[in-house]
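Here is a short tour of one protein model. Keep the sequence and the 3D view open as you read.

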Amino acid sequence: MAGARQAVREARRIVVKVGSSSLTTATGGLDADRVDALVDVLAKSSGPGNKEVVLVSSGAIAAGLAPLGLARRPKDLARQQAAASVGQGLLVARYTASFARYGIRVGQVLLTGDDTSRRAHHRNASRTLDKLLAMGALPVVNENDTVATDEIRFGDNDRLAALVAHLVRADLLVLLSDVDGVYDGDPSRPGTSRITEVRGPADLAGVEIGSAGKAGVGTGGMVTKVEAARIAAAAGIPVVLTSAVHAADALSGEDTGTYFHPTGRRSADRLLWLQHASAPQGALTLDDGAVRAVVQGRKSLLPAGIAAVEGDFTAGDPVELRDAGGRAVARGLVNFDAREIPRLLGRSTRELARELGSAYEREVVHRDDLVVLEP
């Protein structure tokens with residue numbers, strides 16, 4: 001464990017995610033004391049000569065509840081967006097004022113799923129975050145709830161934090177909530193104990209993980225946090241999952257929370273976005289030979305290997321690649337519109353080039369824009 005915590009202490013660029021329940025009152029509205037307490041910890045860790053910190057913060061919708069006279073988080077998307085519109089301004093204003101006590105500037109970055117599944121968009125997000133850090137500002141990232149729809153939403157900021165950690169090439173991800181780690185049972189019951197380290201999925205086999213937070217103002221729960229930790233760990237990023245009140249201990253490498261060891265290596269940024277953040281706009285059914293070429297051979301998908309197409313998508317959209325039985329085997333960014341593909345089915349690129357022109361002598365999905373899904 002000492003070596004793991006040493007990696008935490010040596011981390012130079014850190015993404016910290018905090019949930020709504022750690023920032024707001026149970027009835028909605030920001031809790032200024034809680035925000036200031038978190039900022040105190042982050043400000044002491046960041047700055048010249050210290051760590052670079054990116055804060056992924058929930059709380060926009062929760063902060064907008066009380067000002068709009070809402071007793072609880074609404075279930076319909078329109079009122080959630082309205083609450084986010086009011087609350088996001090209050091949230092970033094609170095952070096701006098609180099960090100100003102330490103002379104730290106804050107930069108707001110709002111993202112949607114569309115911003116992360118499209119290469120040009122996520123390159124822009126990466127450049128913006130890097131430049132903010134280089135100029136000494138502390139980025140505050142949130143999902144853009146005011147315009148996000150059910151189809152493009154991240155669904156929770158835990159997963160967003162894992163993806164942002166990969167995007168900014170972070171050395172560490174810290175997930176803060178109202179629970180101080182992963183337990184081997186219901187933490188409110190006697191006899192349960194905190195799981196201090198997770199080296200892989202086997203360490204959590206048989207552990208029942210709760211799906212709802214205690215405060216009722218967020219969308220996540222321990223399930224989303226563990227999933228986010230797995231995403232980050234699979235991308236080579238260590239994770240500490242603990243409660244907000246233990247944030248200082250987590251950042252200083254003390255034995256707090258649950259530590260997730262890296263389980264994989266870093267991959268191309270957009271492939272992680274493609275696998276975990278994109279919403280497929282359609283599907284291509286592959287013949288058996290194409291499935292083998294894509295999954296086992298890591299080859300590009302050519303028109304000759306496609307048996308069917310469904311959905312309404314345009315070039316550059318993410319699509320699912322399925323086998324003959326309908327099982328999704330991969331996901332990729334398609335190079336043609338949906339209306340173009342039917343006339344390409346089962347045909348060689350050379351034949352298509354002769355008939356339709358050189359623009360059609362290319363892959364439907366290039367291997368560099370394709371990620372194979374786990375079975």
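## A buried threonine

T256 sits in the loop between α9 (247-252) and β8 (258-260). Helices (H or I, at least four residues) and strands (E, at least two) are DSSP runs, numbered from the N terminus. This is a predicted model, in which local features need pLDDT of at least 70, side-chain atom pairs count only at pLDDT 80 or more, and totals for chains, interfaces and linings use all residues. Residues are numbered from 1 along each chain as its sequence is written, and side-chain values use heavy atoms, with hydrogens and water left out.

Is T256 buried or exposed? T256 counts as buried because its relative accessibility is 6%. Buried means under 20% relative accessible area, exposed means over 50%, and partly exposed lies in between (1.4 Å probe, protein chains only). The side chains of T256 and T242 are joined by a polar contact of 3.3 Å. Such a contact is a pair of N or O atoms within 3.5 Å; within protein, one must be able to donate a hydrogen and the other to accept it, and residues adjacent in sequence count only if both atoms are side-chain atoms. Neighbours within four places in sequence aside, T256 is in contact (heavy atoms within 4.5 Å) with residues including R5, R194 and H246.

## The eight-strand sheet

An open sheet of 8 strands runs in the order β3-β4-β2-β1-β5-β7-β8-β6, with mixed pairing. Two strands pair if DSSP finds at least two bridges between them. β3 (105-111) and β6 (197-198) stand at the edges with a single partner strand each, so one side of each has no neighbour in the sheet.

Strands β1 (residues 13-18) and β5 (residues 172-177) run parallel, joined by 5 bridges. K17 stands opposite L175 in β5. Helix α4 packs on the sheet and touches β1, β2 (52-57), β3 and β4 (137-143). The direction of α4 makes about 155° with that of β3.

## Two helices that cross

Helix α2 (residues 32-45) packs against helix α4 (residues 77-100) at an angle of about 50°, and their axes are 9 Å apart. Axes are lines fitted to C-alpha atoms, for helices over the stretch in contact, and angles run from 0 to 180 degrees between N-to-C directions. α2 and α4 are therefore oblique to each other. Angles under 35 degrees count as roughly parallel, over 145 as roughly antiparallel, 65 to 115 as roughly perpendicular and the rest as oblique.

Which residues meet? In α2, they include V35, L38 and L42; in α4, they include Y95 and F99.

## Strand β9 and its partners

Strand β9 (residues 282-286) is largely enclosed by the rest of the structure, because 4 of its 5 residues are buried. With strand β10 (residues 306-311), β9 runs antiparallel through 5 bridges. With strand β11 (residues 318-322), β9 runs parallel through 3 bridges. T285 has bridge partners in both: A308 in β10 and R322 in β11.

A308 counts as partly exposed because its relative accessibility is 31%. Not counting residues up to four places away in sequence, A308 touches A283, L284, T285 and L345. A308 and I341 are 33 residues apart in sequence, and their C-alpha atoms are 8.8 Å apart in space.

## An enclosed helix

Helix α7 (residues 157-167) has 10 of its 11 residues buried, so the rest of the structure largely encloses it. Among the buried residues are N157, D158, H166 and L167. R169 follows α7, and its phi is positive, near 55°.
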